[in-house]
Amino acid sequence: MNLSLIDVAGEALVVSQFTLYGDTRRGNRPGFDKAALPEQAESLYHRFMDTLAGLLVPVKAGVFGGDMKVSLENDGPVTLMLESDQATLSKS
């Protein structure tokens with residue numbers, strides 16, 4: 001965990017997953033109404049991959065908005081909770 005993807009000469013598999021922005025604060029079902037619209041999300045998806053490629057990280061991509069089956073071998077267990085306030089998100 002102390003080394004970056006660049007440090008280990010790693011590769012990135014980038015897949016879109018709008019459900020990562022699920023709001024679970026109310027009710028039994030997560031809400032996705034604050035997730036980016038597909039056009040904006042696809043642009044961000046490609047910009048992220050372009051940024052990685054610009055850092056010379058080999059990038060493999062999924063199909064944006066596609067139904068994909070992705071498997072991985074996780075070297076863990078590690079769970080990271082990433083949070084950001086709305087003010088920060090609206091500035092980007």
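## Close-up views of a predicted chain

**View 1. The whole chain.** The chain holds 2 helices and 2 strands. Helices (H or I, at least four residues) and strands (E, at least two) are DSSP runs, numbered from the N terminus. Along the sequence, their pattern reads β-α-β-α. This is a predicted model: local features need pLDDT of at least 70, side-chain atom pairs count only at pLDDT 80 or more, and totals for chains, interfaces and linings use all residues. Residues are numbered from 1 along each chain as its sequence is written, and side-chain values use heavy atoms, with hydrogens and water left out.

**View 2. Surface and contacts.** Of the 92 residues in the chain, 10% are buried. Buried means under 20% relative accessible area, exposed over 50%, and partly exposed in between (1.4 Å probe, protein chains only). Now take contacts between residues at least 6 apart in sequence: 58% of them join residues at least 24 apart. A contact means heavy atoms within 4.5 Å.

**View 3. The aromatic pair.** The chain has 1 aromatic pair. Rings of Phe, Tyr and Trp (its six-membered ring) pair if their centres lie within 6.5 Å; planes under 30 degrees apart count as stacked, over 60 as edge-to-face and the rest as tilted. The ring centres of tyrosine 45 and phenylalanine 64 are 5.4 Å apart, and their planes stand at 55°, so this pair is tilted. The two residues are 19 apart and link distant parts of the chain. Tyrosine 45 sits in helix α1 (residues 38–54). Phenylalanine 64 sits in the loop between β2 (59–61) and α2 (86–91). Tyrosine 45 is buried, at 8% relative accessible area. Phenylalanine 64 is partly exposed, at 25%.

**View 4. Alanine 9.** Alanine 9 is not a glycine, yet its phi is positive, near 55°. Most residues other than glycine have a negative phi. Alanine 9 belongs to the segment before β1 (12–14). Its relative accessible area is 69%, so alanine 9 is exposed.

**View 5. Leucine 56.** Here too the backbone angle is the topic. Leucine 56 has a positive phi of about 65°, although it is not a glycine. Leucine 56 is found in the loop between α1 and β2. With 75% relative accessibility, leucine 56 counts as exposed.
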